[in-house]
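Good morning, and thank you for coming. I would ask everyone to look at the structure on the screen while I speak.

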Amino acid sequence: MSGSPSKVATKARLRIEVKGIVQGVGFRPFVYRLARNLQLNGWVRNTSGNVAIEVEGPEEGVSQFPALLKEKAPPAARVQEVTTRKLPAKGESGFAIRKSQAEPGKYQPVSPDLATCPECLAEVFEPQNHRYLYPFTNCTNCGPRFTIIRDIPYDRPLTTMSRFTMCPECQAEYDDPLDRRFHAQPNACPKCGPSLQLTDLDGALLPGADPLREAADLLLQGYIVAVKGLGGFQLACDATNQKAVARLRERKRRPGKPLALMMASIAEIEKHCYVSPEEAELLLSPNAPIVLLKWRKDISNVTPLVAENNKYLGVMLPYTPLHHILLRYAARPLVMTSGNLSEEPICQDNDEALRRLHGIADYFLLHNRDIHARYDDSVYLVERDTARAIRRARGYAPSPIRLPFRARQVLACGAEEKNTFCLTRDEYAFLSQHIGDMDNEETVEHFENTIDLYQRLFRVQPEALAHDLHPEYLSAKYALKYAAENGLKTIGIQHHHAHIVSCLVENNFREPAIGVAFDGVGYGSDGNLWGGEFLVGDWGSFERAAHLEYVPMPGGVAAIRKPYRMALGYIYSLLGPETPLDDLPIMSKIPAAEADIIKAQLERRLNSPLTSGAGRLFDAVSALAGVRGQVDYEAQAAIELEMLAPDDVAHFEPYPFAISGDEKPAVVKLKELISAVVKDVRNGVKPGLISARFHLTVARIILETCCLISRQSGRKTVALSGGVFQNRLLFHLAIDALEREGFQVLSHRVVPCNDGGISLGQAAIANQQINEGKE
Ligand SMILES: [Zn+2]
Ligand SMILES: [Zn+2]
């Protein structure tokens, strides 16, 4: 040492608490490395409620530290809050990762399952690596989380990995704070981790050394293979093999609904679809959802049977090493659809899959890591450069949605179709993964089990239950029963109010707004089936300001499956019973006896509930234009009508309509619209052109009705919600028109605009009503 006087820097010490998704995502090793880089001493520890840190060292490093925690956090972490407190320096040396500390009653947001990270992927395809081609490779940045966790804290004994004992090499990685696998609970290798089996449809093991290679060979030969993935089984087949896809559709009893595809890489996807930078980013994200991409039918060899009459393909990238290896072997796009029959929940256990998928799959690719939570693939689309959820499940749930208020403990039970539920506490809304359509016993059981799991993981004991007003919804019946058994309050919430508030909540908009809720049908406060609604409301209450004209739905739900019934309902009630029909092409598609029944139902108002549903209007126009008179999946008639419209519709003329503003609520009169469509059909106008004019009309209806309501209410903000806004053409036209008139438009990103978002709205309204003392 030289003789110059040594400078003593001022030492500082800070206590830091970090909230968010910060456990099971490599956060402590990151803190450890960050502290060492800045030459700070201290410790880090997981608690049940957060991550606690103390750092000590030179003033400058200590003061930078909290911001860097947020900025440089590992990819899977979601840092929501960093709080700091100054402490006196103690002269501590070294940095320690301390033993976890459990605090009773505390809980932690749980990370969703995350797609294989680039480092793990490189190892899987590196021949010298001991994890070469190992399908269960993972680390703290990737792999299963939510699907294997039974309870918190998230530690191996409380996951379905508890049955696998780590080998010394894996244990060494697990114990080394500088290793990517430090405390990676699902850590595994070929020596000690889960393994694959390939069986025939009776569960008999097939001989052979490499189940994945053989499964790929079977797929190339045209067989259907059930693949046990992350959150359940998938049914796979060769997407370029028309016969294989046809067989899968027939066996799964899914004749028309588009099937999801998996492709090996972005470069591979570009051989079939257009991919924008935003879409590529979404596909490559750790969430790795299915993304609806514009299909390049000019160059793609995917069989049209995958998504008939559709411009888009639902495509995802492989998200586990198992999928990566399978796709590499198959070297072509694979259909990868939920392993279930029609609308039942996705299969979860080996025995269950062999039983329920018997006769659907020819072979089963099984493994011995149990799935604790069913978890479908998420579906997204990118519209107006923004990723928007259509189905929120794998990769997203159970990440909480942060609420801009302190919530009570409430369970909102959601809607009937595309059900999700939502639990609130503190500043969080725990929105469940997509549960499904609550019309079969298996789905209801899945709903109840998942509620139990969320209540356990997030320590929620609801004081009140929120439910839809529809008396026949199984989710509403569940809420009433649960509340009665436990002596809790129930709060009934109107379907479209919940839609609009779900949009207001995710946009953190607290003022009253004009809500445009367009969907199929939902139970209205007047007992009619609403669905073309203009509300003015906030988180607590609403007023119905306007709606589409009521028309009868001949045959009730039968009219949903048969859009031609809706077409007759519109003609009969708006144009009059004497309107000649025989020259309309639609009549040739209706069996004569059924046509008589429909007319009788309309004449005598038998089993013909009134509806203002926008989805029903789309159905009627689709049927009238000769696009689709019967559907085999939800919204098929509307989707096929949308797909026929030319890309640029701006220069077409909208159809006429009228708004009767004297009535309260105002009514959008559709007589002229239906009359003009009928006239176009009679004149032989092409369906694509009718579609273009119709979409422009609906956008104009939205604009003019909002202008009227704005003049009356003074509101200039419009929230768009409801499943009809999955229609990209309408969504686009409506926002353009509203923004041109100076409206601020709120739309969905985080939660689906369809009924999958309803439970968030219900939960927020219930909280507001409890706080206002209305309940
Ligand atoms: Zn990894
Ligand atoms: Zn091992």
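The protein chain has a mean pLDDT of 94, and 99% of its residues reach 70 or more. Where pLDDT is low, the predicted coordinates should not be read in detail.

I turn now to the metal sites. Which residues coordinate the zinc ion (ligand 1)? They are Cys117, Cys120, Cys139 and Cys142, each through its SG atom, at 2.3 to 2.4 Å. The angles among the 4 donor atoms of this ion, ligand 1, run from 104 to 117°, and the site is tetrahedral. For orientation, the ideal angle for four tetrahedral donors is 109.5 degrees. Along the chain, the donors of ligand 1 follow the spacing C-x2-C-x18-C-x2-C.

Next, the helix pairs. How do helix α15 and helix α17 pack? Helix α15, residues 563–575, and helix α17, residues 614–624, pack at an angle of about 95°, and their axes are 7 Å apart. The angle makes α15 roughly perpendicular to α17. On the α15 side, the contact is made by Pro563, Tyr564, Met566, Ala567, Tyr570 and Ile571. On the α17 side, it is made by Arg616, Leu617, Asp619, Ala620, Ala623 and Leu624. By class, this contact of α15 with α17 has 10 nonpolar, no polar and 2 charged residues.

The other pair is formed by helix α19, residues 671–682, and helix α20, residues 687–713. Their axes come within 11 Å and cross at roughly 170°; α19 and α20 are therefore roughly antiparallel to each other. Here Leu673, Val677, Asp680 and Val681 of α19 meet Ile690, Arg693, Phe694 and Thr697 of α20. The contact of α19 with α20 comprises 5 nonpolar, 1 polar and 2 charged residues.

That concludes my presentation, and I thank you for your attention.

Conventions:
Residues are numbered from 1 along each chain as its sequence is written. Chains are lettered from A and ligands numbered from 1 in the order in which they are written. This is a predicted model: local features need pLDDT of at least 70, side-chain atom pairs count only at pLDDT 80 or more; totals for chains, interfaces and linings use all residues. Side-chain values use heavy atoms; hydrogens and water are left out. Axes are lines fitted to C-alpha atoms, for helices over the stretch in contact, and angles run from 0 to 180 degrees between N-to-C directions. Helices (H or I, at least four residues) and strands (E, at least two) are DSSP runs, numbered from the N terminus. Angles under 35 degrees count as roughly parallel, over 145 as roughly antiparallel, 65 to 115 as roughly perpendicular and the rest as oblique. Contact means heavy atoms within 4.5 Å. Ala, Val, Leu, Ile, Met, Phe, Trp, Tyr, Cys and Pro count as nonpolar, Asp, Glu, Lys and Arg as charged, and the others, Gly among them, as polar. pLDDT is the predictor's confidence in each residue, from 0 to 100. Donors are N, O and S atoms within 2.8 Å of the metal (3.2 Å for Na, K and Ca); water is not among the atoms, so sites may look incomplete. Four donors count as tetrahedral if all angles lie between 85 and 135 degrees; four count as square planar and six as octahedral if opposite donors are over 155 degrees apart and all others between 65 and 115; anything else is irregular.
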